[in-house]
Amino acid sequence: MADIMSTVLVTCPLTPEEQQRLQASCDVRLVPGSPRPLAREVFLKHVRGVHGLIVMPPDRVDAELLDAAGPQLKVVGTISVGLEHIDLEECRRRSILVGYTPGVLTTAVAELTVALLLMTIRHLQDGQFIGANRLGIGTLLSQRMREDIYDCRSTLGALWSLGSAWKRPTVAERRRNQRQCSGHRGAGQDRPRCRHSPESLSTCAHRLLQQQHRKAGADLVGAELVSWEELLSQSDIVIATCSMKGTQNYNLFNAATFARMRSSSIFINVTRGALVDQEALLSALTSGQIAAAGLDVTNPEPLPTDHPLLQLPNVTVLPHLGSATRRARTTMSHVTVNNVLAGLQGQMLPSPAP
Ligand SMILES: O=C(O)C(=O)CO
């Protein structure tokens, strides 16, 4: 049991079971109403004097926040695999433990990626509008039509993250299975070519492990390791699944990147909006430099309702639904509470940040 006097601030929803488990051991302080994203001044006000902190992106945990919390803070648990909102160096300097939730959402995000890809390629959101307004199939047929993925032998280029690079099942594997399920069996030439750029893999934490796993991760899903240049210029579909690596990958997709892609390319982003220079994306989409984009993540989230990206017919935007499955969210809550309870008891975290 954690010290009964420990106070934990929770800024985001936990499952009721995990909230109860936390409440059995600690004094739990919930941010009132918890509108997301949390206003900074509210966060700074409620963090004072807590021993543990449960957050999710984009709640920024930096020196200012840690100063506001005070020296008794022992542990921060984020309900996410992404860590870009936490100043890990500053936490380390203050001996504050940080836990996160790697691995447990990979499947949910991979499924969302395939769904978003299909929505984007087939204009499904337009279909929903047409259906809801009883406009009929003729309206749909008069709209722009897209290639079937089935026939186009497209090349899928994915930038895999630290976590999903070598964990099964990945996006590439699912897409391969999907084709097999729809009757595309057998002949090797029927399989989509999967390209996998080593540029996006972590070169800081676990460097040797990642380097050892890069080739293995690619082999696991039948992917070829190619350069960043090749990935951009040869892929029909480019999927950003890499992390921000702190701020290192900020605007990784920019005007120069989109200029190297094909005019028929589809761009999908399922990890972080800040990977993309949105002005450059907007201009690539309006000028025809690329064909379409499907975004589960944007910068900021949510986008303002009058944002020009939301007005474009060749863009599908979802409200960051990647991990929104019962299994993923339940496990993420569970892992986070385990991390925080361990940290409050001065134990090693079961799932520590790298
Ligand atoms: O866990 C994360 O970092 C997410 O973005 C979940 O969708």
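Two residues are in contact when heavy atoms of theirs lie within 4.5 Å. The model shown is predicted, so local features are given only at pLDDT of at least 70 and side-chain atom pairs only at pLDDT 80 or more, while totals for chains, interfaces and linings use all residues. Residues are numbered from 1 along each chain as its sequence is written, and side-chain values use heavy atoms, with hydrogens and water left out.

View 1. Helices (H or I, at least four residues) and strands (E, at least two) are DSSP runs that are numbered from the N terminus. Among the contacts between residues at least 6 apart in sequence, 67% join residues at least 24 apart. Of the 354 residues, 50% count as buried, where buried means under 20% relative accessible area, exposed means over 50%, and partly exposed lies in between, with a 1.4 Å probe and protein chains only. The chain exposes about 16,400 Å², of which carbon and sulfur atoms supply 55%; accessible areas come from the Shrake-Rupley method with a 1.4 Å probe, and for residues only the protein chains shown count as cover.

**View 2. The residues around the ligand.** The shell consists of Ser 80, Val 81, Gly 82, Leu 105, Arg 272, His 320, Ser 323 and Met 332, a residue being near a molecule or strand if one of its heavy atoms lies within 4 Å of it. By class, three of these residues are nonpolar, four are polar and one is charged; Ala, Val, Leu, Ile, Met, Phe, Trp, Tyr, Cys and Pro count as nonpolar, Asp, Glu, Lys and Arg as charged, and the others, Gly among them, as polar.

View 3. From the side chain of Arg 272, an N or O atom is 2.6 Å from an oxygen atom of the ligand. Of the 230 Å² of accessible area that the ligand has on its own, the protein covers 90%.

**View 4. The salt bridge between Arg 272 and Glu 84.** A salt bridge is a side-chain nitrogen of Lys or Arg within 4 Å of a carboxyl oxygen of Asp or Glu, and the structure holds eleven of them. In this pair the closest N and O atoms are 2.5 Å apart. The partners come from distant parts of the chain, 188 residues apart, with Arg 272 in the loop between β10 (266-269) and α13 (278-287) and Glu 84 in the loop between β4 (75-78) and α4 (88-93). Arg 272 counts as buried because its relative accessibility is 15%, whereas Glu 84, at 29%, is partly exposed.

**View 5. A network of salt bridges that links Arg 40, Arg 60, Asp 62 and Glu 64.** Arg 40, placed in helix α2 (residues 40-46), is buried because its relative accessible area is 17%. A polar atom of the Arg 40 side chain lies 2.7 Å from the backbone oxygen of Arg 60. In the salt bridge between Arg 60 and Asp 62, the closest N and O atoms are 2.6 Å apart.

Technical notes. A polar contact is a pair of N or O atoms within 3.5 Å; within protein, one must be able to donate a hydrogen and the other to accept it, and residues adjacent in sequence count only if both atoms are side-chain atoms.
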